[in-house]
Amino acid sequence: MKILLVSSPARDSPEALSLGAASVAAALTAAGRASSRDGDSLAAAQVELLEGRLGEAAESLASRIAAARPEAVGFSTYSWNRELFSEAARLLRPMLPAATLFAGGPEATADPEALALESGLDFAIAGEGETASVAALRAIGESRRDALADIAGVVVPGRPWRRSPPEDPASLPSPWLLGSIDPASLGGDLVWELSRGCPFRCAYCYESKGQSGSRPFPMERIEAELELFARSGIRYAFVLDPTFDSDPVRAAVLLDLFRKRAPGMRWKFELRAELLDKGLARRFAGLDCSLQIGLQSARAETLATVGRPGFDRSEFARKVGMLSQSGASFGLDLIYGLPGDSLADFRDSLDFALGLGPNHLDVFPLALLPGTELAERADELGIEADPRPPYLVRATRELPPPDLARAASLAAACDRFYTEGRAVGWFDAARRPLKKSPSALLRDFASWLAGRAAPLSKASSGTVGEGASAVEAEQLGFLEAEYSRAGLATLYPALRDLVRLHGAWARALAEGEESLLELSYDPEEILGAAAAGLAAFARGARRANGEWRVLPDAAEGARIERAQESRASPGGRGHHRPTERNRRS
Ligand code: B12
Ligand code: SF4
């Protein structure tokens with residue numbers, strides 16, 4: 001039997017790897033290899049993966065699938081590909097009338113019957129897919145289609161069904177070690193699962209209806225996979241565990257292992273701040289890693305409504321402060337449109353989050369995902385959302401459409417000015433003389449940007465470095481106008497130096513780009529302006545016009561050296577470092 005598992009990436013990103021489909025492929029392959037039964041259809045099965053291309057039309061995908069002449073086709077469905085796969089499956093049916101069509105993944109789990117019916121599938125699999133797929137494809141291979149509906153997790157429209165029970169990680173084959181995906185083919189980046197499930201129950205999250213807490217993979221498997229990654233030239237791993245620090249003792253053991261066995265690798269982890277301690281903060285700081293922390297809202301009542309009770313601002317700030325003190329770089333997530341949060345609450349959350357100095361702040365609209373507790377309680381909580389993927393919020397009781405639009409504009413401004421603009425090193429220094437809250441500054445940036453005749457190119461166009469320079473030009477254009485309107489024009493040259501210096505430093509580190517800067521002050525002194533405040537700095541500092549070169553440096557990551565002296569400047573000097581936190585992430 002030829003089995004084709006079809007996936008499609010969320011976006012062009014090293015993190016868009018189809019690990020779900022690969023895990024099911026590994027289970028099917030391992031079951032076939034282990035089979036000692038005569039005539040087991042899986043023993044002779046050929047399992048292949050097929051990846052949809054970004055933006056690919058359903059017709060093209062269906063033709064490519066049909067050309068492979070599979071006998072069974074399994075779609076790996078997520079909110080970003082559900083509609084594409086439904087259409088492709090409908091087109092495929094007449095092309096491959098004898099083939100078995102099925103689907104798994106989060107969308108199939110949340111809404112299996114509707115998905116199977118709208119796509120013309122033989123069945124869908126609700127829940128983790130390994131054991132259920134093996135049993136279902138065996139039944140198909142042995143012409144026991146009637147048995148399908150009795151398999152836990154297999155959903156045949158019109159028949160009673162139950163979700164597949166949680167898999168035991170110790171019995172799951174590794175898609176990496178079995179060769180379902182070759183890490184050497186991934187260009188150095190991958191996503192890595194160290195456990196299944198999540199111990200928390202956030203009402204907006206798909207995991208909230210999961211059956212169990214966190215189930216770790218065995219340490220021997222993790223060690224063997226890490227060794228394979230090191231041999232395969234992997235340089236970056238996004239650890240998928242939704243709460244890497246849910247077991248702080250295990251987290252510490254893993255971090256020590258990573259540091260010892262893969263010292264040159266970069267990492268990304270998702271954490272709950274509440275669970276951090278000094279030992280973990282120190283270990284994170286000892287790795288090249290970025291940490292993503294879900295804050296979601298700074299309003300305790302809102303968080304309690306969505307299943308994250310006990311939020312305490314000062315405790316959160318204290319825990320995150322441990323990361324800053326140890327030198328670990330972290331980012332925060334916020335969601336707008338959560339039940340209970342008004343526009344004023346969202347602004348307040350932005351102010352709180354930016355006040356913590358995250359390296360980046362990712363702000364998302366609420367997605368009312370099918371199968372989540374929030375989707376079930378939407379009427380009671382007054383949430384309206386688009387019923388089709390990606391299920392985005394349209395209004396809530398507290399956030400009517402005009403306020404939702406304002407929140408979206410603030411989120412876009414934050415993304416542009418703070419995150420793409422890598423503003424962590426100078427944001428507060430720029431904001432304080434204007435006496436504006438972070439959210440007010442971002443609101444005014446959005447208005448300024450909207451009022452421009454010709455908006456500058458989006459940062460994502462062209463190369464990353466070019467994009468970063470385009471955002472910097474916007475930041476400086478806006479800040480110059482703001483400082484001039486507020487009668488603070490004398491402080492602007494120091495601010496401009498600070499922004500340019502940080503920008504060039506970040507480009508040298510992240511893109512390996514060299515910049516030539518014309519500065520009004522000595523770089524070593526200007527870095528003190530962020531700490532002392534622009535006003536105090538401008539009162540005491542001496543202007544020293546000069547040209548400086550910021551370059552990538554093999555040993556230090558980046559360095560600054562004098563390009564050309566001017567009459568007013570002191571002699572050229574050595575190396576400076578703007579901020580450790582402005583690192584690549
Ligand atoms: C990596 C990841 C991403 C990557 C992309 C991944 C990709 N393939 O392209 C990135 C970071 C880009 C991403 C983005 C987003 N993501 Co995301 N992401 C994940 C994450 C963390 C891991 C996915 C994974 O590989 N897991 C490991 C595998 C083994 O588990 P699995 O995927 O669930 O697969 C199992 C089953 O689902 C099933 N299965 C899967 N495929 C198949 C196929 C068949 C045939 C069968 C039978 C079974 C089966 O069996 C597998 C093994 O048991 C999950 C959360 C999580 N921890 O799973 C969220 C998750 C998939 N993301 C989610 C969301 C909502 C998003 C965003 C929309 C978020 C946002 N607000 O912007 C964006 C997408 C928008 C966009 N277009 O960019 C939701 C999806 C919900 C849904 N209904 O689809 C999840 C589940 C998070 C959550 N807890 O709610 N994401
Ligand atoms: S949002 Fe994160 S912590 Fe909450 S249930 Fe989902 S995966 Fe777990």
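I take two strands as paired if DSSP finds at least two bridges between them. The model I am reading is a predicted one.

**Entry 1: the sheet**

With that criterion I looked up β12 (residues 288-296) and β13 (residues 329-336), and they pair in the parallel sense over 6 bridges. Across this pair I find Ile 293 opposite Leu 332 in β13.

I then traced the sheet these strands belong to. It is open, has 6 strands and runs in the order β7-β10-β11-β12-β13-β14, with parallel pairing. Which strands are at the edge? I noted β7 (189-192) and β14 (360-365), each of which pairs on one side only.

**Entry 2: ligand 1**

I listed 42 residues around ligand 1, and those that come nearest are Gly 20, Gly 74, Ser 76, Gly 104 and Gly 129. I sorted the shell by class and got 24 nonpolar, 11 polar and 7 charged residues.

Which elements supply at least two residues each of this shell? I wrote down α1 (19-34), β3 (72-76), β4 (100-104), α4 (106-110) and α6 (130-141). The largest share is that of α1, with 5 residues.

**Entry 3: ligand 2**

Around ligand 2 I counted 10 residues, the closest being Cys 198, Phe 200, Cys 202, Cys 205 and Pro 242. By class I have 5 nonpolar, 3 polar and 2 charged residues in the shell around ligand 2.

**Entry 4: a helix pair**

Last, I looked up how helix α19 (residues 492-511) packs with helix α20 (residues 523-532). The angle is about 100 degrees and the axes are 9 Å apart. Angles of 65 to 115 degrees count as roughly perpendicular, and I therefore log α19 and α20 as roughly perpendicular to each other.

From α19, I find Ala 494, Asp 497, Leu 498 and Leu 501 making the contact. From α20, the contact residues are Pro 523, Ile 526, Ala 529 and Ala 530. I class the residues of this contact as 7 nonpolar, no polar and 1 charged.

Key:
Residues numbered from 1 in each chain as written. Chains lettered and ligands numbered in written order. Predicted model: local features only at pLDDT ≥ 70, side-chain atom pairs only at ≥ 80, totals over all residues. Near = placed C-beta within 6 Å. Helix = DSSP H or I, 4+ residues; strand = E, 2+ residues; numbered from the N terminus. Nonpolar A, V, L, I, M, F, W, Y, C, P; charged D, E, K, R; others polar. Axes fitted to C-alpha atoms, helices over the stretch in contact; angles between N-to-C directions. Parallel < 35°, antiparallel > 145°, perpendicular 65-115°, else oblique. Contact = placed C-beta atoms within 7 Å.
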